[in-house]
Amino acid sequence: MQQLIELVTKAAMLEQLPIIQQLYPEYTLEIYGDLLDKMIPYNYKQVIVVEKGVTKALAGFWIGTKLWSGKYLELDNVVVHEDFRSLGIGSSITNYLNASDGRGKGPCIPVHARTAAPTVPTFRIAIWTRLGISSGRCKRRGGRRATRA
């Protein structure tokens with residue numbers, strides 16, 4: 001049975017270097033640790049999917065507040081281990097983060113996606129709304145729309 005576990009400490013996140021290296025093969029423990037030192041003070045956390053002691057997926061996330069959106073949840077580097085892709089594991093992460101505990105209750109969930117898939121551009125940006133993925137638009141407070149990045 002899969003478990004979703006939130007990681008809030010640098011030590012716990014450093015243990016996940018092998019799965020991070022599937023997206024960033026050049027990252028060493030030192031590089032990854034230095035980046036975490038800069039991110040964790042700004043409310044960066046991770047959630048992992050584990051089954052039988054094996055980490056199958058990881059997603060970084062930030063929860064914050066912005067003037068234009070109020071409370072928001074931003075996914076950061078959703079990585080599903082190459083041996084476990086297309087099994088709905090990524091959906092389990094987004095469902096977990098969007099659960100009724102209020103994390104995803106803001107009007108927008110920005111997602112900056114980098115993919116290793118050969119048929120998909122290296123970098124693309126989508127914005128998830130409470131109704132699903134939009135075409136780069138999200139209602140702002142006051143009814144104004146965000147522009148595409």
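Predicted model: local features only at pLDDT ≥ 70, side-chain atom pairs only at ≥ 80, totals over all residues.
1. Leaving aside residues up to four places away in sequence, Met13 touches Leu7, Val8, Tyr32, Leu36, Ile40, Tyr44, Lys45 and Gln46.

2. Now put Met13 in its setting. The largest nonpolar core has 18 residues, and Met13 is listed with Ile20, Tyr27, Tyr32 and Tyr44 as having the most contacts inside it. Helices α1 (10-14), α2 (17-23) and α3 (29-39) each give this core at least two residues, and so do strands β2 (44-51) and β3 (54-66). The largest share, four residues, comes from α2. As background, nonpolar side chains in soluble globular proteins tend to be buried together.

3. Next, have a look at Met39, which sits in helix α3. Is Met39 buried or exposed? Its relative accessible area is 18%, and the cut-off for buried is under 20%, so Met39 counts as buried.

4. Who does Met39 touch? Not counting residues up to four places away in sequence, the contacts of Met39 are Tyr44, Trp62 and Asp76. Take Trp62: 23 residues separate Met39 and Trp62 in sequence, while their C-alpha atoms are 9.3 Å apart in space.

5. Finally, a word on confidence. The protein's average pLDDT is 76, with 66% of the residues scoring at least 70. Over residues 118-149 pLDDT stays under 50, and for that stretch the model has 60 contacts beyond four places in sequence.

Conventions. Residues numbered from 1 in each chain as written. Heavy atoms only, no water. pLDDT = per-residue confidence, 0-100. Contact = heavy atoms within 4.5 Å. Core = buried A, V, L, I, M, F, W, Y, C linked by side-chain atoms within 4.5 Å. Buried < 20%, exposed > 50% of the residue type's maximum accessible area, 1.4 Å probe, protein only.
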